[in-house]
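Let's take a walk through this model together, one piece at a time. Have the structure open as you read.

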Amino acid sequence: MIEIKDLHKSYKMGSNSLHVLKGINFSVEEGELVAIMGSSGSGKSTLLNILGMLDELDEGSYDLDGVPIKNLNETKAANYRNKFLGFIFQSFNLINYKSAMENVALPLYYQKVSRKERQEKALKYLEQVGLKEWAGHLPSELSGGQKQRVAIARALAAEPKVLLADEPTGALDSKTSYEVMDLIQKINDEGNTILIVTHEPDIADMCKRIVHLKDGIILEDKKVNQVRASQYV
Amino acid sequence: MFSRDRWKEILEVLSSNTLRTLATAFGVGWGIFILIILLAAGKGLENGIRLNFNGVATNTMFLWTQPTTLAFEGLPENRRFNYKLEDVDLLRQNIPELRIISPRNSLRNSVGDNVIRGTESGNYRVFGDYPEIIEQRPIYVSKGRFFNHNDISERRKVVVIGDGIRKDLFRADEAVLGSYIVVSGVNFMVIGTYKEKTSNGGGENSEREIYMPFTSFSQAYNRADNVGWMALTAEDGTSISTLTEAIINTVKQSRKIHPNDKRAIGYFDLFEEYNRVESLFGALRFVAYFVGILVLLSGIIGVSNIMLIVIKERTKEIGIRRALGEDPWSIKLQILMESIFLTIISGMVGIIFGALVIFGVNTLLDVVGPVDMFLNPSVSLGVVLSALAILIISGLLAGFIPANKAIKVRPIEALRTE
């Protein structure tokens, strides 16, 4: 599903440049649930941004579902993001003047899905994350866990090939974190490919595979026995 | 592009900070309001002044004589002279572009009344004219008829009097047509009355002149073949101003006036005057647009400013949208449409208020009666449409910089903004 070869990325900081990713080789199969771990500055967010086409790579290659991702203009990148990727952010990033349902329907709007179908699908995904009754509420009327579940529903709505989650539980208490992880695991059980960036070992343990990054290279890449979040809920 | 969702979003964004939106809108509304009011005021002035030209053949010049200032061919300076009927023929021959030449003689206002009917009398100006004069003066026959070429050739003693004279000399129930009045000692039959085409100004002397056939006048008052005054109208398509020199040279030659005598031939070029007034209107319109658009410009800068702030506030939201896969063009379009929508709505309000003020002024004018040099201030549909066009363009301009700025921020940076 994801195929990365010899990926380099550096940022210009004034006169000197900062080499963040120093040759990453990495691939993800369909249906995997991968945790990317590392301390801050290890390059995990940069890697996720490149995977999410929010940032461009300097060297190397990146194939997503067989499509080479390079030299995209903004219009094309937006189109690919919409078709291939679902984002889940640490700070939820819901649009605060739109109701939960409208937020979920947003990626579908960009796919030019008809209004009625958008609403039906949005409701379906809200139901899947257990928030159907909250469809008409604004994000400010929801708790943190609920907001993240709306965000997950939104990420699912476009039926992307890969879900990318950047510290999805970073802003949540542990109980809510486990609820969210439980939801993510269930989505993964249905065959969705999910990548999670996290620095919390207990969250990482709930994935099927852990990739450790340090100073821009992969330190360790191992399959683990998944801890089911449902037992903590 | 005009989908329901986009409109919903525009309304949501603009209504999220109502006070700010209203304050911004005020700038644009005020600008277009000023523009409309200025244009309407200019139009009112234009209408008022144009009324004075109403019904006059504007492509016309008037010719009269003044004492000479230079001696010429044995004739002394400071000589008084008259045009002759032969000059009229000469002009007709030399300058075929002239459509109408109306020679005229007139009786000066003497002391005391010069017109008597029974026990009533009055002091009026009396003209001996050719029938074509009615095309050159802003008058129309309200009753009876104007004199014709038969009256001219037969030297009939008939007159056409102004409606004001009729009011002075006749009781309302008296028959006017066919009655006789005495003009400077000679009896004339009244065959018609005239009214002026404009009711503007005039006052005491309006509709108080007497027209009679040129030949009858000359005979009755001993003018032989003298001509005191001429009105010359050029063919349509030829400006009388281009003929002025040829006309003056012709009469100078035939009247033995020194070619360099600038004073002897008195003339007034109505067309030039008309053009001068026309160009004044043009200048007025220009000033109105200039000032109006400058005022509008400050409103537009206001909108642009607010849009920039809105963009700044929504940087993160724009980042989210782009992460979710919104086309940058769609974002650009959204911002442009917000800007255009805001300018058009506020502009509309400005136009409506402008129209209300114009309506109020017109109502006031109706109540207090006509004001000199000002009539019916209005703006045409064309002006309103061009104001709308200006609004759309300004909305585009106002939104352009913010829209570009919005999509210049990379989504990754936009997402990091808190």
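**A tour of the two chains**

Start with chain B, where buried residues account for 37% of the 418 residues. Keep in mind as you go that this is a predicted model. Chain B is built from 13 helices and 14 strands. If you take its contacts between residues at least 6 apart in sequence, 83% of them join residues at least 24 apart.

Now look at where chain B meets its partner. Here 16 residues of chain B are in contact with 17 residues of chain A. On the chain B side, four helices each put in at least two residues: α1 (4-15), α10 (315-323), α11 (328-368) and α13 (411-416). The largest share, four residues, comes from α10(B).

Six strands make it up, running in the order β6-β7-β8-β3-β9-β10 (chain A), with mixed pairing. At the edges sit β6 (85-88) and β10 (217-223) of chain A, each of which pairs on one side only. From one strand to the next, the twist averages 15°.

Let's zoom in on one pair from that sheet. Strand β3 (residues 33-37) and strand β8 (residues 193-197), both of chain A, pair in the parallel sense over four bridges. To get your bearings, find A:L33, which stands opposite A:I194 in β8(A). Then look for what covers these strands: helix α1 (residues 44-51) of chain A lies across β3, β7 (162-166), β8 and β9 (209-214) of chain A. The helix runs at about 150° to β8(A).

Which residues is A:I36 in contact with, once its neighbours within four places in sequence are left aside? The list is A:K44, A:L47, A:L48, A:L195, A:I196, A:V197, A:V211 and A:L213.

Conventions: Residues numbered from 1 in each chain as written. Chains lettered and ligands numbered in written order. Predicted model: local features only at pLDDT ≥ 70, side-chain atom pairs only at ≥ 80, totals over all residues. Contact = placed C-beta atoms within 7 Å. Buried ≥ 20, exposed ≤ 12 C-beta atoms within 10 Å, placed from the backbone. Pairing = 2+ DSSP bridges. Axes fitted to C-alpha atoms, helices over the stretch in contact; angles between N-to-C directions.
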